[in-house]
Amino acid sequence: MSIKEKLKNIIETALGNLGIAGVNFTLEHPTELSHGDFACNVAMVAAKQVGKNPKLLAEEIIVEIQKAGSPLLAGEGLGVRSAGPGFINFKLAKRFFEQEIPNIANSETLSTVVERVVPTGNRVRLFGESNIHAGQKILIEHSSPNLFKPFHVGHMMNNAIGESLVRLMKFSGAEVRTMSFPSDISLGIAKAIFILLEKNPEITIQSLGDAYVEGTKKYEEDETVHVRVKEIADNLYAQKPSPEWDVFIACKKFNIEYFEQVVARLGSTFDSYVYESEAGEQGKEIVLKNTPAVFTESEGAVVYIPEESKKHISTSVFVNSQGNPTYEAKDIGLLAIKFDREHPDLSLFVTDYQQIPHFDAVLDAAEKINKDWSEKSVHIPHGRMSFKGQKMSSRLGGVPLATEILETILEEVRERSGERNIDKETMDAIAVGAIKFAILRAKPGQGINFDPETSLSFEGDSGPYLQYTHARITSLLEKGAGLGIVPKYHDGEEVADVERVVYRLPGIVENAIAEYAPQFIVTYLLQVAQAFNSYYAANTIVDAANPETSAHRLAIAQAVQVVLKNGLWLLGIKAPNKM
RNA sequence: GCACCCGUAGUGAAACGGAUAUCACUACAGUCUUCGGAACUGUCGUUCUAGGUUCGAGUCCUAGCGGGUGCACCA
């Protein structure tokens, strides 16, 4: 039983003794450490029901709690007190920390079990893991690229959030499967192929991106090419052997390799791919099968008309008048494939928030085809990245590519690393950490005003700050090796602030999982790192003259390291031992 | 026009309806013959406006102002 559950029981018992029942209260960690380790609002919530002043009621509850007593609470009346408008604050005793800190410090570390896919029943749990989704299967789709456009900063945002959700869900006890849904077919791609056939350039990520931009432009400016472009599109949809089909296959192969390379550098792999071309085929079939039951024919196209009460959903085309599936039908096909293949209990997908209305329509229609599809699907929209005040659009070019951004950051990392020899891998980890942190610190739904000058930081609230704290602890532990870790307080020594935050990780992770909120992890890790760095500045950790004190402080350092390591992993950020 | 999202220090962000709104950057003042200074300590400074609900509102409701996004064969 967790300490929180124990406290909750204690409160319930006290309420029972006072004849109070059915109160829905919360018990949480106050951010302000002077408010104790746990704060409970029960007196304020129950005050009205009981007809008493919240502060007085809090005092009465406290008397009951103290009658029962608990060795885990600090003694002499310090353990439980009322505060503010009627909170009941709990302060944990040294005894709690003497048990908890070494448990954390000695817990199994990530390095030994990092990329496991399915948690096994017998495996020792990592600190921070929970079982709130134990026994469930969770499918997560993210980082879906357009195979004819380079991976740009906007994709990085999707990837950072998606990957962090994947890892959070792995910490929930669920079996997690990952999927990506590359766009390999569309009118836009036909336009790009048109240019590639005309110019026949060497296939590089640059030349494909250029062809995409140029094709879009040409199509707008020159109506005479429309016939040919449409023919290309038809042939691609029909998979008809033709010059365009050959070019298409070559480009697709090239691009998927490029995608996997970029994404691996960012720390992601995928269990499976579903291509838009296959989803489109299936989707069209399903849509036609459900016409007119769900869909309606209109002006030669097949459309979905939502009920009148659903004003925020607009009518949308699923199969166009040429008989080709639109994005909407492709997503219907994708839903079918996801649920047929994986049978997930929960299916998450991460996209740009611009697609919210699109998925409102798709899921509304999907509900009428198969309830599972809509009930078990959760759309996680993320904001858009505006760049130096200007919105980015890859169709118009001028969008920074993921690799370009990383190179720019790497230069700065090199500069800062100075004379220390840092290997390439570590530098990459720092660069990736800096940008992922910039993305994950904010709520996913929020747009990010991204400016490399100010958004990327290496000091203060930043990825490298967390990594630095971790690396410094590694070297501390090396220096103190042999002294052991024994969390014994000497006379008169108080529990340090760091200790009062390190043990909180599991609860924070649960909240982050429940709300799909990686930013909770970010905020918390900063709090831990700051508390440790202050502690480090004020106390000599390793001191051969005082082995007992050192052993205690090393226990704390090691616990902090575990929390940073596991927490950074949840963010998809590496924790190097040196930097 | 209709719908959805958003408005927090100079800047970038955080905050299950909870306490004196948190953190960082910037500026200024310090720590330091460093267990790794990518660090630590301190000072300055914030919830768009007007009502309402609540013991309690940045958070919920109404109206307004400001910004973003989406509205039929693009993805």
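1. Basis of the note. The model is predicted: local features need pLDDT of at least 70 and side-chain atom pairs count only at pLDDT 80 or more, while totals for chains, interfaces and linings use all residues. Residues are numbered from 1 along each chain as its sequence is written, and chains are lettered from A and ligands numbered from 1 in the order in which they are written.

2. Overall architecture. Chain A contains 21 helices and 15 strands; helices (H or I, at least four residues) and strands (E, at least two) are DSSP runs, numbered from the N terminus. Along the principal axes, the C-alpha atoms of chain A fill a box of roughly 85 × 65 × 45 Å. Of the 579 residues in chain A, 43% are buried. A residue is buried if 20 or more other C-beta atoms lie within 10 Å of its own, exposed if 12 or fewer, and partly exposed in between, with C-beta atoms placed from the backbone. Contacts between residues at least 6 apart in sequence join residues at least 24 apart in 74% of cases; a contact requires C-beta atoms, placed from the backbone, within 7 Å.

3. Domains. Chain A is divided into domain 1 (3-92), domain 2 (137-395) and domain 3 (424-436 + 447-571), the bounds coming from an automatic or database domain assignment. The C-alpha centres of domain 1 and domain 3 lie 30 Å apart, and the contact takes four residues from each of these two domains. On the side of domain 1 that touches domain 3, there are one nonpolar, one polar and two charged residues. In these classes, Ala, Val, Leu, Ile, Met, Phe, Trp, Tyr, Cys and Pro count as nonpolar, Asp, Glu, Lys and Arg as charged, and the others, Gly among them, as polar.

4. Nonpolar cores. A nonpolar core is a set of buried Ala, Val, Leu, Ile, Met, Phe, Trp, Tyr and Cys residues joined through C-beta atoms within 7 Å. The largest has 135 residues, of which Val528, Ala559 and Val560 touch the most other members. Helix 21 (residues 547-571) gives the most to this core, with 13 residues. Beyond four places in sequence, valine 528 is in contact with Val501, Val502, Val560, Val563 and Leu564. A second, separate core of 22 residues includes Leu147, Ala190, Val229 and Val247.

5. Asparagine 320. This residue sits in the loop between strand 10 (316-319) and helix 11 (327-342). Asparagine 320 is classed as partly exposed because 15 other C-beta atoms lie within 10 Å. Leaving aside neighbours within four places in sequence, asparagine 320 is in contact with Ala301 and Thr326. Its C-alpha atom is separated by 8.3 Å from that of valine 303, 17 residues apart along the chain.

6. An open sheet of four strands has the order 1-2-4-3, with antiparallel pairing; two strands pair if DSSP finds at least two bridges between them. Strand 1 (27-28) and strand 3 (80-83) are the edge strands, each pairing on one side only. Strand 2 (residues 38-40) pairs with strand 4 (residues 87-90) over three bridges, and alanine 39 stands opposite asparagine 89. Strands 3 and 4 are joined by four bridges, with valine 80 partnered by phenylalanine 90. In the hairpin of these two strands, which has three residues between them, glycine 84 takes a positive phi near 55 degrees. From strand 4, Phe87 and Asn89 point one way and Ile88 and Phe90 the other way, and all are buried.

7. Strand 5 (residues 137-141) and strand 11 (residues 346-352) pair in the parallel sense over four bridges; isoleucine 138 has leucine 346 as its bridge partner. Strand 11 is also joined, in parallel, to strand 12 (residues 377-382) by six bridges, where threonine 351 stands opposite proline 381. Valine 166, in helix 5 (residues 153-170), is buried because 23 other C-beta atoms lie within 10 Å. Beyond four places in sequence, valine 166 is in contact with Ile140, Val176 and Thr178.
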